[in-house]
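Hello,

Here is the two-chain file we talked about handing over. Have a look at it first, and then read on for what turned up.

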Amino acid sequence: MDLNFSADDLAFQQEVRTFIADHYPPHLKAKFDEGEELSKEDFLSWHRVLAAKGWAGIAWPVEYGGTGWTSVQRYIFAEESARADAMRLLPFGLNMVGPVIYTFGTPEQKAKFLPRILSGDDWWCQGYSEPGAGSDLASLRTKAERFTGDDGKEYYRVNGQKTWTTLAQHADWIFALVRTDATVKAQEGISFLLIDMKTPGITVRPIITLGGEHEVNEVWFEDVIVPIENRVFHENKGWTCAKFLLAHERTGIAGVAASKRGVERIKTIARTETDSFGDEAQPLIANPFFKRKVAELEIDLTALEFTELRTLAGESSGKGPGPESSLLKIKGTEIQQRITELALEAVGHYGAPYFRGFGEGDNEHPIGPDYAHRAAPTYFNVRKTSIYGGSNEIQRNIIAKMVLGL
Amino acid sequence: MDFNFTDEQTMLRDSVARYLADTYTFDARMAAVHGESGWNPHVWKAFAEELGILGAPFAEEHGGLGGGAIENMIVMEEIGKALVIEPYLQTVVIGGGFLKAAGGAVADAVIPKIIDGSAVIAFAYAEPQGRYNLADLRTTAKKDGAGYVLNGHKAVVYAAPWATHLIVTARTGGSVRERSGVSVFLIAADAPGITRRDYPTVDGARASEVYFENVAVGADAIIGTEGEALPLVEQVVDEAIAAVCAEAAGVTRKLHEGTLDYSRQRKQFGKSIGEFQVLQHRMVDMFMEVEQAVSMTLMATLRLGEADRGKHVSAAKNKIARGARFVGQNAVQIHGGIGISNELAIGHYFKRATMIESQFGDADFHLRRFESLMD
C-alpha cells in the first residue's frame, strides 16, 4: 500500500494540468463564473477538445477508443478538472449508454454509435423514469410492440411517456427502457432501445424546476417506429443492461473531486464574507459555528474519497462496480447537498435576490456579490441528487438486501 | 394558564383562513408573482376592507381591532399556509410595531393609513456588510438644521417596490456596530435622493437595494429616541421574528400535509409509498417538527413582553429554522421529481421555508444569541 503518486503519475498530473490550462475554452469559464445558462455548443465545446486529444472516453477500454487509464490516472484527471473548475462532461453518452453498448451491443452497434459518443457528435439522453415509474423503475409502461414492416424487416412501435429526461431538448438519441412483454414478471419483460430523437411521433416538453432552469423534460412517444437492430442485448433482457448502467451511474455520482472544489469555494466565500455579531466583526470562516460545519464536511468528504478509492482499487483488480457503489451515491449526494446548504448560509441576505441570468443586451451587474447569485437556485436544484439515479431510500434498500443480506 | 383563543381570535383566524382558501389559490398567487407589479393590490384592499386584518394589532382609538402579538401570530400562520406575498409582516407587524412604540402624532397620522390599506411600509435595516447584526450600520443620518440628511445603502429590502413609506435605521452617532448612536426614521418612499434597484426574490416576493443620497428629512421623521433606538429596533425585530415563526408554522404545516396526501396517492411497488415504514417515520419526524414550531411560536409570542424576550425569541427562531429545513427538504424528497418542479405548490412552500430559515438571522445566529443571553 502506498498513498503517494509514482513518478509516472506525477508526470501525468503535470500533463493534465498543463493541457487543461492551455485548452479549456475561456468563454465557458466566463459563462460558468457568471452563472449563465449553457447552450448546447457550450456543453459540447470542452467535450470536443478532450475528444480530439483522445481523453473523452476516460473509463472506456482502449479497443473502443478509450484512454485505458488506470484508476489512479482517472482519479488524477478528475482532481485536475475540478481544480481548474472545468465542467464535467455529460454522463449520458460517455458513462451510461456507451458502456452498455460496448458491453452488450452488437459489432454493428459498437461501430455505429461508440465513435459518435466519443466525439460528441451524438447527444444522448436517458429514457428511464415515467410518471408512474420512479423508484419502482421496473413498473414502467412505455410499450414497444414488435411488427414486420412492408419491407419485410422487424420493427418496434413505441408508445408511452418518459419524464425527468435531462437535457432531452438537445438530444440526438435517447436510450429507453420499454415494455416488450406485459405478461411476465415486471423485470423480465423490458427491452433496451436506442431511439433516434428525429423519429416522427416524439415530442419533448420542458419541465421548469425550482431554480427556474429548463434542465429536464417530458418525452412523449406516439407510434414511434424503431428498427429492431436498435435494440441492445436480447429482447426482454433490458433489465440486465439497466442494472449494469445504474451501477455505473452510481460510481460517477460520488463527485468527490467536484465536492473538494466545492468545499474550497465555501472557504473562499467564508473568508470574504463578514460575520458581524455584537460589537465584533470577523471573517465568517472564523465563526466557530460555521467553521465546525465546514470541518465536518471536509472530514466526511475524506471518508467518501477513501471509500471511493477502495472501490476503484477493487474495480481495477477485476470486480465490477457492485452494490457497494450505492454507498458512494448516498454519501456523495449528501455531501453535494451540504455544500449548497453552507453556500446559501454563507451569503446571508444575498441568497434572496433571484438572478435570472443576463438577458439580451442586459449588462447591469446583478445584485450582491458574484458568488451569491446562484446560491439559492443551486441549493434548490441539488435536492435532485438524492432523488435521481435511484433515490437514496432505494440505495439503502439495495445495500440492505445485496450487501447486508437482510 | 390558558392557551385558548378568545372567540374574537378564533373568528379572526377562521375569516382569514376562509378568505385565503376561497380566493388566494396557488394559481392566483403565481399570476401575481409573475405579474408586472409582483403583488395583488386588490388582495391588500380586501385585507383592509373586507377582513379588517390590517388593523388586527392596533388600538381601537386608531380604528384597529384592539389586538396585539397574538393576533399577528394568528394572521401570519394563515399567511404561511397560503404563501401570501403581500407585506403584512413589513407593514403591520414591523411598521405598526415601530409606530405603536413611538406613539404621538406620527402614530396618529400613519396607523389609520395602515389600517385602511393606503400605507405600505418596508423595513430598510440590513446592509451589505452587516449580516444579521442590527447595529452594524454604515448608513448615516447627519444633523442638518432642524432635520437630518441620510446617506447609505440598504440591502434586500423586502416589499420596497410596493412601499409608500420606508422605516430606515441609520447612525446619528457612534461607530459601526456600537450600540449607541442608532436612530430610526420613517421616510416617504419617494423622497428625493432615494433610488432603488428592484428585483424578484427566490421565494416569490419583490425586494430592492435602496440607496440614500443626501435624503433630507425633518425632525419629525425620527421614531423613538435619537441615537438610542437600538433597543426599540431589537424589540420590533423580535416581534417580527415571532411573526415569521408563525408563518413558518403555517408553511411547514402545509408541507407536511401535502406530503402526507401525496404519500397516500403515489403508488410504487404495488402500494402507496406512505405504507413504507421508512417514509412513515420520516413523516412522523416532520410532524413533530411542525408541532414544535407551533409550540415555539406560541412560547415566543407570549413572552414578547418579558425582560429576557430576546433569549426566548432566539430559541424559537433557532428551533424553527432547523425544523423548516428538515420539513422542507423531506417534503421535496418524498415527492421525488415533482418536488423540484416549479409547477407545483410544494416547491414554492419549500422555497419560502428556506428563506424563512435566515430571515432576521439563521439558526447559527440565533443559537449564538441564545448562548450569549442564557443563564
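Before the rest, some ground rules. This is a predicted model, in which local features need pLDDT of at least 70 and side-chain atom pairs count only at pLDDT 80 or more, while totals for chains, interfaces and linings use all residues. Residues are numbered from 1 along each chain as its sequence is written, chains are lettered from A and ligands numbered from 1 in the order in which they are written, and side-chain values use heavy atoms, with hydrogens and water left out.

**Salt bridges within chain B**

K81(B) forms a salt bridge with E78(B), at 3.5 Å from N to O (a salt bridge is a side-chain nitrogen of Lys or Arg within 4 Å of a carboxyl oxygen of Asp or Glu). Both residues sit in helix 4 (residues 69-82) of chain B, three residues apart, about one turn of the helix. Helices here are DSSP runs of H or I with at least four residues, strands are runs of E with at least two, and both are numbered from the N terminus. E78(B) counts as buried, because its relative accessibility is 6%.

A second pair is E291(B) with R253(B), whose closest N and O atoms are 3.0 Å apart. E291(B) belongs to helix 8 of chain B and R253(B) to helix 7 (residues 230-265) of chain B, so this pair ties together parts that are 38 residues apart in sequence. E291(B) is partly exposed at 31% relative accessibility, whereas R253(B) is buried at 17%.

Over all chains, the count comes to 51 salt bridges.

**Between the chains**

The contact between the chains takes 53 residues of chain B and 58 residues of chain A (contact means heavy atoms within 4.5 Å). About 4500 Å² is buried between them, with carbon and sulfur atoms giving 56%; buried area is the accessible area (1.4 Å probe) that two parts lose on being put together, summed over both. On the chain B side, R131(B), I340(B) and R368(B) lose the most area to chain A, together 18% of what that side buries.

Six salt bridges cross this interface. R282(B) and E393(A) meet in a salt bridge at 2.9 Å, N to O. Helix 11 of chain B gives the most to the side of chain B that touches chain A, with seven residues.

**Between domains 2 and 3**

In chain B, the domain assignment (automatic or from a database) gives domain 1 (7-119), domain 2 (123-228) and domain 3 (231-373). The C-alpha centres of domains 2 and 3 of chain B lie 30 Å apart, and these domains bury about 1200 Å² between them, 70% of it on carbon and sulfur atoms. Y132(B), L134(B) and D203(B) lose the most area on the domain 2 side, together 44% of what that side buries. Two salt bridges cross here, and R179(B) meets E234(B) in a salt bridge at 2.9 Å, N to O.

In chain A, the C-alpha centres of domains 2 and 3 lie 32 Å apart. Those domains bury about 550 Å² between them, 40% of it on carbon and sulfur atoms. S135(A), G211(A) and E213(A) supply 60% of the area that domain 2 of chain A buries against domain 3 of chain A, more than any other three residues. K384(A) forms a salt bridge with E215(A), the closest N and O atoms being 2.6 Å apart.

Terms used. Buried means under 20% relative accessible area, exposed over 50%, partly exposed in between (1.4 Å probe, protein chains only).
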